Each structure stands twice: as C-alpha cells, then as structure tokens.
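Please look over the sequence and the structure shown here before reading the notes below.

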Amino acid sequence: LVENCYVHDVYDAALTHQYGYFGGDGPEVLMRNVRYAKNVIERCNYSIEYFLSGIADPATNKSRMENIVIDLNLMRDAATGFCEQRPDHKQGAHIKSWRFNGGKSRNRASGFAITRNIFLRSRDMMLEISSGIMNDDGTDSMPEMTDNVFVGVKGQRFGVLNQGKAVELKYDESIVGRLGSRYSGNVFSR
C-alpha cells in the first residue's frame, strides 16, 4: 500500500512494482495486492511503472499480477523537470508497462483496476499499457479503467492501451471511439 504520499521530481519511476527476467524460463513470480491510492505525483519520468516481463514461454511460465489497484491519484506533468536529461527521450508516461518481445509484454494480470485518477499533461505520452498474453481462463490481461480524467494536448501521443501487439494512439477527438466501449467511462479533455 502506498497512500497519501507526495512524490515529485524523480528521475525514473515515482511508484513501481516490477520484475524482469530475460534468460529463458525464469521463476514463477506472483505480484499480489498492490494498491496506489490518494497520492500526488508530479514531474517524474513515470508516475507509476509496472512490468512482469521476460522472454519466457507463457505456456510454461505462469507469472502474474493479481488485485492491483491504482485509485484516486493526481498525476501531473510526467517526463518533465529533472528527468528531461534522461537518454531515453520520448518514453515518459503517467503509467508505463513497457513493450518487450517485439512490441508485446508479458504483463499477465487479473483484478487490475485503474479508477478515479486525474492525469494532467505529459511531455511524451499519457499511458503505455499493454499485455501480449492472455490469462489462463481466456480473459485479457488489461486493467479495467473507469472514471479517470485525462487532460492532454491535441495531437500529442496518447500512447498505448491495448491487449496484443501494441498500437500507438494520438490524443485527439477520435480517441474515445478508437479505445472502444471498454474505456468509455473516462473523460478526455484539453
């Protein structure tokens, strides 16, 4: 639980849960009951970064995330300030899950919710959330996103928000239609 914190001016990630294994079939990793709530995060390269990635075969490696909640946070000006000197320009985001393995990540997850947050501006993109693998029961591994508010700049990169091979989105009038009904409970403003 990370709650009621003020995190600002971080070179990398303000808040994170992550595990990366890139040497074949690694250990089975379980990330469970992670909650980021009621925080204010400003001028960090990634407001929240998460990944559970590697090159392991999803049929044999059952690593997963369960009951992850990102709720009631105010995230402002990602990828600005101290982190602008980073060598990996254009990667900053409020929520970053990375795209490994040819554009696909291994972020297998269930019970994952991103709700009631305010995302205000980002130098690079708002979000990069994707998963290249499904859960064992056939459901996708994407978080449910409801009642979030996004305030961005028209024409800027919105980022990625999809199951399967990552597809880049722009922050414009068509974004609601392109994200589909699953994400229609969110507000996009500029």
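The briefing below goes from the whole chain to its sheets, then to aromatic pairs and single residues.

This is a predicted model, and every value below was computed from it. The protein contains 1 helix and 17 strands, and buried residues account for 48% of its 190 residues. Among contacts between residues at least 6 apart in sequence, 79% join residues that are at least 24 apart.

**Overall dimensions**

- The radius of gyration is 16 Å, which agrees with the value near 16 Å that a compact globule of 190 residues would have.
- Taken along the principal axes, the C-alpha atoms fill a box of roughly 45 × 35 × 30 Å.
- The protein exposes about 8400 Å², and carbon and sulfur atoms supply 54% of that area.

**The sheet of 6 strands**

- An open sheet is formed by 6 strands in the order β2-β5-β8-β11-β14-β17, and the pairing is parallel.
- The edges are taken by β2 (6-8) and β17 (187-189), each of which has a single partner strand, so one side of each is left without a neighbour in the sheet.
- On average, neighbouring strands of this sheet are turned by 10° against each other, with direction ignored.

- The strands β10 and β13 run parallel and are joined by 3 bridges, with Glu144 in β13 as the bridge partner of Ala113.

- Strand β12 is mostly covered, since 5 of its 5 residues are buried.
- In a regular strand the side chains alternate between the two faces of the sheet.
- In β12, Leu127, Ile129 and Ser131 point one way, whereas Glu128 and Ser130 point the other way, and all of these residues are buried.
- Strand β9 (residues 93-96) runs parallel to β12 and is joined to it by 2 bridges, and Lys96 stands opposite Glu128 in β12.
- Strand β15 (residues 157-163) also pairs with β12 in the parallel sense, here over 5 bridges, and Val160 in β15 is the bridge partner of Glu128.

**Aromatic pairs**

- The model holds 9 aromatic pairs.
- Tyr50 and Phe112 form an edge-to-face aromatic pair, with 5.2 Å from centre to centre and 70° between the planes.
- Because Tyr50 lies in strand β6 (residues 46-54) and Phe112 in strand β10 (residues 109-115), this pair ties together parts that are 62 residues apart in sequence.
- Both Tyr50 and Phe112 are buried.
- One aromatic cluster is formed by Phe119, Phe150, Phe158, Tyr171 and Phe188.

**Met134 and its surroundings**

- Met134 lies in the loop between β12 (127-131) and β13 (144-146), and with a relative accessibility of 38% it counts as partly exposed.
- Leaving aside residues up to four places away in sequence, Met134 touches Arg108, Thr139, Asp140, Ser141 and Gln163.
- From C-alpha to C-alpha, Met134 and Asn4 are 33 Å apart in space, and they are 130 residues apart in sequence.

- Arg43 is not a glycine, yet its phi is positive at about 55°.
- The place of Arg43 is in the loop between β5 and β6, and at 26% relative accessibility Arg43 counts as partly exposed.
- Asn67, another residue other than glycine, has a positive phi near 55°.
- Asn67 lies within strand β7 (residues 64-71), and its relative accessibility of 39% makes Asn67 partly exposed.

Note on methods
Residues are numbered from 1 along each chain as its sequence is written. This is a predicted model: local features need pLDDT of at least 70, side-chain atom pairs count only at pLDDT 80 or more; totals for chains, interfaces and linings use all residues. Side-chain values use heavy atoms; hydrogens and water are left out. Helices (H or I, at least four residues) and strands (E, at least two) are DSSP runs, numbered from the N terminus. Buried means under 20% relative accessible area, exposed over 50%, partly exposed in between (1.4 Å probe, protein chains only). Contact means heavy atoms within 4.5 Å. Two strands pair if DSSP finds at least two bridges between them. Axes are lines fitted to C-alpha atoms, for helices over the stretch in contact, and angles run from 0 to 180 degrees between N-to-C directions. The radius of gyration is taken over C-alpha atoms; the globule rule is 2.2 Å times the number of residues to the power 0.38. Accessible areas come from the Shrake-Rupley method with a 1.4 Å probe; for residues, only the protein chains shown count as cover. Rings of Phe, Tyr and Trp (its six-membered ring) pair if their centres lie within 6.5 Å; planes under 30 degrees apart count as stacked, over 60 as edge-to-face and the rest as tilted.
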